[in-house]
Amino acid sequence: MSGITLKVLKVSQPIGFMYITKIAGNVLCELARADIRKLYKNEDYIGIQRELDPERVKNIKKYIATSDASFPNSIILNLASEHIIEEGEDYIVIEKNDKVFSIIDGQHRLSGFENNKVFFEVIVTIFIDLDDEKQAVLFKTINSEQKKVNPSFKYDLESYSTVKTPEKMVRELTLAFAIDEKSPWHERIKMSGKKDALSVRGIISQKAFADPIVKFIYDENDRYELRDELKKYKEKYHMEDDFDVRNVFRKNRYDNRKFIFWQFYVTDREELLYRILLNYFCAVHEILEEDWESRYQSVLLKTTGYNALMKLFADVYAVLYAEKNFTLDRFLEALEPLHRLSGRITAERYGASGASSTNKLYRDFNKLIME
């Protein structure tokens with residue numbers, strides 16, 4: 001019987017032994033299946049894997065196609081011994097069919113290789129005849145016990161990028177708001193996700209502050225393509241790390257009615273965007289100073305209030321854009337009706353957190369300024 005030969009490293013651990021090897025992703029995709037959890041008539045759940053998230057698989061496919069894609073972590077599989085044709089000290093020969101492996105961890109990564117011809121080897125850990133209980137314990141440990149990366153730290157990592165992604169630009173904007181003494185957000189943004197020397201009055205995390213701004217720039221589902229286009233442009237033209245993006249992307253790539261900050265990014269006008277946002281926040285601070293300076297009663301500077309303010313910004317921006325007037329005085333004029341909510345933007349009135357709280361506050365904001 002013909003089969004596939006894998007060079008392996010045998011590793012022994014308390015759970016038993018395992019093989020470490022490498023396999024091309026598109027080849028492995030044809031040999032493995034996920035043991036998806038299903039509910040049967042007797043209401044017993046069978047299998048350890050979650051249902052595939054199509055959007056996540058779609059994004060992984062995009063990532064795989066980028067020039068510096070990498071999966072350094074192992075895909076973990078179980079192999080029934082009945083599918084082993086031959087076994088040696090440093091190799092195994094396995095049957096070639098779509099039921100050879102069952103996936104313990106890595107089904108989304110592996111699904112990204114389906115119908116994908118790119119050559120991309122993945123690291124694989126293979127257990128032999130692991131029972132359902134041990135597979136379930138492994139899956140639970142891998143997916144629930146490990147400590148997740150602080151979401152704000154992910155923005156900090158953008159500072160090391162050699163190309164200016166939208167996330168990198170917004171990280172620089174966020175830092176500017178945090179350290180600029182003229183900014184109403186001075187010392188209030190927790191850049192590391194917790195209070196530190198830059199956020200002694202920290203209220204909102206860097207991630208919470210940055211996310212709505214990024215969403216105004218571009219469709220985040222395109223993050224891998226945009227970064228890859230920047231990397232390829234940089235390499236093709238031997239650009240320095242601080243090159244601008246004006247010649248890389250089309251100005252009309254996105255609908256500027258929805259992605260209102262795309263034009264600032266694609267024309268490298270970060271400073272202008274900062275001034276516009278600064279004028280907006282200064283105007284809100286002046287009109288709603290009681291809430292802005294209230295550390296405990298008001299939710300204005302918490303994620304609930306901030307998200308409502310950013311939704312409102314899009315409305316106000318549309319009006320001021322038509323006038324080409326983003327001065328502080330014009331923002332003050334446009335936002336003046338908000339003073340009627342002064343001292344009333346509390347958790348008791350709007351709720352402490354969540355989309356419904358944000359939307360309720362936004363509706364009140366919008367109703368006042370559009371009257």
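The model is predicted, so to speak of local features we require pLDDT of at least 70, and side-chain atom pairs count only at pLDDT 80 or more, while totals for chains, interfaces and linings use all residues. Residues are numbered from 1 along each chain as its sequence is written, and side-chain values use heavy atoms, without hydrogens and water.

I begin with confidence. The chain has a mean pLDDT (the predictor's confidence in each residue, from 0 to 100) of 89, and 93% of its residues reach 70 or more. Over residues 36-47, pLDDT stays under 50, and the model has 19 contacts beyond four places in sequence for them; contact means heavy atoms within 4.5 Å.

A cavity is a set of points on a 1 Å grid, over the protein atoms alone, where a 1.4 Å probe fits but cannot get out; lining residues have an atom within 4 Å of a point. Among the residues lining the largest cavity are Ile203, Asp291, Trp292 and Arg295. The lining divides into four nonpolar, two polar and three charged residues.

Finally, the helix pair. Helix α12 (residues 303-323) packs against helix α15 (residues 355-370) at an angle of about 40°, with axes 8 Å apart. The contact includes Leu309 and Leu312 of α12, and Tyr362 and Phe365 of α15. Nine nonpolar, eight polar and two charged residues make up this contact.

Notes:
On a 1 Å grid over the protein atoms alone, a cavity is a set of points where a 1.4 Å probe fits but cannot get out, and a pocket is an open set with protein on both sides within 12 Å along at least five of seven lines; lining residues have an atom within 4 Å of a point. Ala, Val, Leu, Ile, Met, Phe, Trp, Tyr, Cys and Pro count as nonpolar, Asp, Glu, Lys and Arg as charged, and the others, Gly among them, as polar. Axes are lines fitted to C-alpha atoms, for helices over the stretch in contact, and angles run from 0 to 180 degrees between N-to-C directions. Helices (H or I, at least four residues) and strands (E, at least two) are DSSP runs, numbered from the N terminus.
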